[in-house]
Amino acid sequence: MSKKIVVVTGSPRKKGNSFAMTEAFVQAAEAKGHTITRFDAALKNVGGCRACETCFRTGKACSFDDDFNTIAPAILEADAVVFSMPVYWYSIPAQIKGVVDRLFSFVVGGKDIAGKECAVIACCEEDDMSVFDGVRVPIERSAALMKWKMVGEVLVPGVLNIGDIEKTDGCKQAAALAEKF
């Protein structure tokens, strides 16, 4: 069964390691017949949540008009959401954190977003897998709060420089993730 999958990336490096894994996932998912809508959050203007709680009252997800208002409708329509990012200072990069924080608008706005599938693709410089906790745990907890089903995680340590991902099976793992949707 074909699904609508939204992919939100968090790296500003277009040729970086998480982008390479994202590309592998997107190609594999499209080959399976899924429709992919991709948002490179680092290349968009998405600010943090201002907690004004006026979500969806103006006809848009957020009263503060930025690129989140183009991402939100796609997420509402999606069957699944995949977050792809490098780990920055043991956490979610700011470039994607604004999108994650503003998922709050669906809750405040009373939108029924339960039942979606979710996955995370991430890489980091260090070899210690606990480095991923700052990415993995917030995404997993956010998915649980919204009643989304986590279908998989691709967590690849030991990559920093552009091209380092090619020394791992990270792209292969990301492509295999498409099989879980």
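Visitor: Is Phe-68 buried or exposed?
Guide: This is a predicted model. Phe-68 has a relative accessible area of 0%. Buried means under 20%, so Phe-68 is buried.

Visitor: How do the rings of Phe-68 and Phe-106 pair: stacked, edge-to-face or tilted?
Guide: The ring centres are 6.4 Å apart, and the planes meet at 50°. Stacked needs planes under 30 degrees apart, and edge-to-face needs over 60. The pair of Phe-68 and Phe-106 is therefore tilted.

Visitor: How many residues apart in sequence are the parts that Phe-68 and Phe-106 tie together?
Guide: Phe-68 belongs to helix α2. Phe-106 belongs to helix α4. The pair therefore ties together parts separated in sequence by 38 residues.

Visitor: Which residue has its charged end over the ring of Phe-56?
Guide: The charged end in question lies 4.6 Å from the centre of the Phe-56 ring. A charge over a ring must be within 6 Å of that centre. The residue is Lys-111.

Visitor: At what angle do helix α1 and helix α6 pack?
Guide: The axes of α1 (residues 17–31) and α6 (residues 170–177) are 7 Å apart. Their crossing is right-handed. The contact has nine nonpolar, one polar and no charged residues. The packing angle of α1 and α6 is about 35°.

Definitions and conventions:
Residues are numbered from 1 along each chain as its sequence is written. This is a predicted model: local features need pLDDT of at least 70, side-chain atom pairs count only at pLDDT 80 or more; totals for chains, interfaces and linings use all residues. Side-chain values use heavy atoms; hydrogens and water are left out. Axes are lines fitted to C-alpha atoms, for helices over the stretch in contact, and angles run from 0 to 180 degrees between N-to-C directions. Helices (H or I, at least four residues) and strands (E, at least two) are DSSP runs, numbered from the N terminus. A crossing is left-handed if the near helix is turned anticlockwise from the far one by less than a right angle, and right-handed if clockwise. Ala, Val, Leu, Ile, Met, Phe, Trp, Tyr, Cys and Pro count as nonpolar, Asp, Glu, Lys and Arg as charged, and the others, Gly among them, as polar. Rings of Phe, Tyr and Trp (its six-membered ring) pair if their centres lie within 6.5 Å; planes under 30 degrees apart count as stacked, over 60 as edge-to-face and the rest as tilted. Buried means under 20% relative accessible area, exposed over 50%, partly exposed in between (1.4 Å probe, protein chains only). A charge sits over a ring if NZ of Lys or CZ of Arg is within 6 Å of the ring centre and within 35 degrees of the ring normal.
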